[in-house]
Amino acid sequence: MKKVKKKSNYLSFKIIAILGVITFIFIAQRSFDAYVIRILNLCGIYVILGVSLNLINGFTGQFSLGHAGFMAIGAYVSALLYMSPELKEVNYFITPIIWPLSVIQIPFVFSLIIAGLASAGVGFLVGAPCLRLKGDYLAIVTFGFSEIIRVLFCNLQSITNGPLGLKGLPSYTNLWWTCGAAIVTVWFVKNLINNSYGRALKSIREDEVAAEAMGVNLFYHKVLSFVVGAFFAGIAGALLGSLVMTIDPNTFSFFMTFQIIIIVIVGGLGSITGTVISATIFAILMEVLRSVESPMRLFGLNIPGIPGMRMLIFSILLMIVILFFHQGLMGTKELSWKWLYHKLIRNRKEVKEGS
Amino acid sequence: MSILKADHITIRFGGLIAVSDFYLNLKEGELLGLIGPNGAGKTTVFNILTGVYKPTKGKIYFNNQEINGKRVDQITALGMARTFQNIRLFTNLSVLDNVMVGCHLRLKSSVLNAVFYLPQYLQEENNVREEAKQLLKEVNLEKLENNLAGGLPYGQQRKLEIARALATHPRLLLLDEPAAGMNPHETKDLMSFIQKIQEKFKLTIILIEHDMKVVMGICKRILVLDYGITIAEGNPVEIQHNPEVIKAYLGVEAQYA
Amino acid sequence: MNLNIFLQNLSNGISLGCLFALIAIGYTMVYGVLRLINFAHGDIFMMAAFFVYYSMIIFSMPWGIACLVAVVLAMILGISVERVAYKPLRNAPRISSLCSAIGMSFLLENFAIVIFGGRPKSFYRPEFFEKTFILGEVRIPGVNFVTPIVSIVFLLILTYIVYKTKTGLAMRAISKDFDTAKLMGINLDRTISLTFMIGSGLAAIGAVLWALRYPQIWPFMGIFPGWRAFTAAIIGGIGSIRGAMVGGFLVGLLTIMIVAFLPELAGFKDAFIFIILIFVLLFKPKGLFGEE
């Protein structure tokens, strides 16, 4: 058996994979149907959301229901930064926007980063006092924060334009942004999980008391997972805003958080690969199942569209997963480059050698 | 040299006084046994020393530094580690990971350093891995390093817990009933193991145990608790003949047996 | 703010408070026996309102009968939810039960949207409840008289059940120590089902009273009262029935009074409830009456 230097072999494989992805995005962005591109964008965004929530809920074991709040912060902060003053004037026709927001305009990329940092900051503010709480109580408090943010955004007309929301946002989001950000998120979280800090996070999930006794600073590490999770949620929120080109406070309701929870549970609390797969499937299904909600012809029968059927199906699926497969798709297992390499390349080699 | 001084510690939970006026002056290198009937407050003492509970009265000095009110992880960083009466391993983590968690508190690299796998972190990670493997060798678990901790048999889980505690580089090690559930053969192994690590890692050890063979066998000094009160202190011979101790364990009649 | 307006608001506050107390009890009792927050409780409340509506529309029942039928159906629904979603996960990690509760809540809401449609429907109000009574200068809607009376009656019945019957004793035993209660021969499943039954029944009554105040029913109508009642249960001390009653009362009063005294902040009233909830959980998680 050839003993190859692990690093270099997988490195070339990885480079090929990345080049493949880049080529794919290049082709897709140019020639795919707009509908397909939209789905792919949503896949990327849901991946970011799922992985960032999994970091908090799955790997650190902190049950947070506040993800939509972090998204909202990211979406609004970035929009307020990249919108032109003219666009702002048009939107804020009832209550004018306050200075200096009325005159600020910065490039999308910077607005993204600042949005992420703003969410991370709020993640710190939310996480810090709450991390003494366990289980249900933490869930409720994080949900409460998310709702408070939503209500605040609904009422602070001079900053967020209230329930009218922001419309006509420029469409900056494209596959480069979403897939790129998704890859960065997955890479960052994966590295975090596998290093010493990640071990500390997992130890907190396993047994907090023992973790503390082994010298793990509970507060620091719990806040760490919240801050990182919130950062990426903020970026996802910002990307979503520019994708759908309108934001309003009610987009970021508990409903949104719940969708991400579905993704994380179905994929497996504690598996990044699982989350990526389930996020992709979820994004695709959400769009595809729209057809269930509009009239269609099946076997020559006219079946009327049933609004809300989509979410009902998802709710049922979720209950089935929770009740029967609470490990989700992958449990805590991960796909690794090693596995992929062996599956794709070594098998072919064996076939060639006739074994 | 006094490594630990518990100065008249008392703790009340509501109306119940769980530990009353506990005094201990522990010298470096000692192997102290802490015994007493069930419910005497032994684990409570451990919880107070390690910072899980704050004493209602009294001060604790570790290495001549007052540690009252310090967090559990801070006290561990100062050099006090423990194992638990009901094993508390990280069941879904590998055996090696369990031990490596113990090394985390010594990590100097920042989070970003670690995420980007910069050279400083890589170096630390390799060192930690090596050290963890060595510790697993001490407890004969090195072949199982990739197994899930939860899947190990009971006796090996106990040893893993000790290895994990050793990873924190303690000066004082608190062992809570390490021999519980072990057969006589395993118990003998454990006794020599404790003495071995004490010498090798230059530890001071406090041992809670119900198995008298272990306590009388390896402890040079023994403290006896009953209903939270220290009823006796001395070497094994003294303790075995102490009437108060006999009364506490076996009841009044046994005293006159 | 003159005296009349104050009295009107007070009466509204009391009425609303009794309502929240009824719903809060469901949360607190279930938490007491199962240590589980039944997120679906607010949705059982919602379903009860729809049960009344459809009983009248489809089966042409008179209003009173429809309400009774709705209470019974809500009880059955509550027991079924417990059997389907919570019982299988009794030994699973807490997070699973939490997810199941949230999942069930969503299932009921989405089910309602599909079956009942998302548009609000008008709830039938018997004549008495259409009237507003005028005492001096104070205007008090009919429902403000009935709600406190009905609530107090049922709360008294509940107190009797919990403190004076064997079943109630069983409930209290389970909430004190689950495993020992099992060992003492208490029929766990039956007692838990009964707990859900009572909680759901009270929620149904609350739903009727709520719909008499706000006669528009729609699939998400359970969210607002649900969270308020839940906050009430926490403030009173989750697990404590007395706490739920007092908490419900307080929350009801607060809801009305905040809007009455500080109308500029009316838009923030939802946020206030959560701020209070967060404060209580952070600083006094046991609430007013602790764990009973």
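**View 1. Overall dimensions of chain C in the predicted model.** The radius of gyration of chain C, taken over C-alpha atoms, is 19 Å. A compact globule of 292 residues would have a value near 19 Å, so chain C agrees with the rule. That rule is 2.2 Å times the number of residues to the power 0.38. Along the principal axes, the C-alpha atoms of chain C fill a box of roughly 60 × 50 × 35 Å. This is a predicted model: local features need pLDDT of at least 70, side-chain atom pairs count only at pLDDT 80 or more, and totals for chains, interfaces and linings use all residues. Residues are numbered from 1 along each chain as its sequence is written, while chains are lettered from A and ligands numbered from 1 in the order in which they are written.

**View 2. Inside chain C.** Chain C holds 12 helices and four strands. These are DSSP runs numbered from the N terminus (helices: H or I, at least four residues; strands: E, at least two). Of its 292 residues, 51% count as buried, meaning that 20 or more other C-beta atoms, placed from the backbone, lie within 10 Å of the residue's own. Contacts pair residues whose C-beta atoms, placed from the backbone, lie within 7 Å. Among contacts in chain C with a separation of 6 or more, 76% join residues 24 or more positions apart.

**View 3. Chain C against chain A.** Here 31 residues of chain C are in contact with 32 residues of chain A. On the chain C side, α4 (94–116) and α12 (269–283) are the elements that give two or more residues. The largest share, 15 residues, comes from α4(C). By class, this side of chain C has 23 nonpolar, six polar and two charged residues. Ala, Val, Leu, Ile, Met, Phe, Trp, Tyr, Cys and Pro count as nonpolar; Asp, Glu, Lys and Arg as charged; the others, Gly among them, as polar.

**View 4. Chain A against chain B.** This contact takes 23 residues from chain A and 27 residues from chain B. In chain A, α8 (175–194), α9 (196–206) and α10 (208–213) each supply at least two residues. The largest share, seven residues, comes from α9(A). The chain A side divides into 11 nonpolar, seven polar and five charged residues.

**View 5. Helix α7 of chain B.** This helix covers residues 184–200, 17 residues in total. From first C-alpha to last, α7(B) reaches 24 Å, close to the 24 Å expected. The expected span is 1.5 Å times one less than the number of residues. B:Lys202 follows α7(B) and has a positive phi, near 55°.

Notes:
Two residues are in contact if their C-beta atoms, placed from the backbone, lie within 7 Å. A residue is buried if 20 or more other C-beta atoms lie within 10 Å of its own, exposed if 12 or fewer, and partly exposed in between; C-beta atoms are placed from the backbone.
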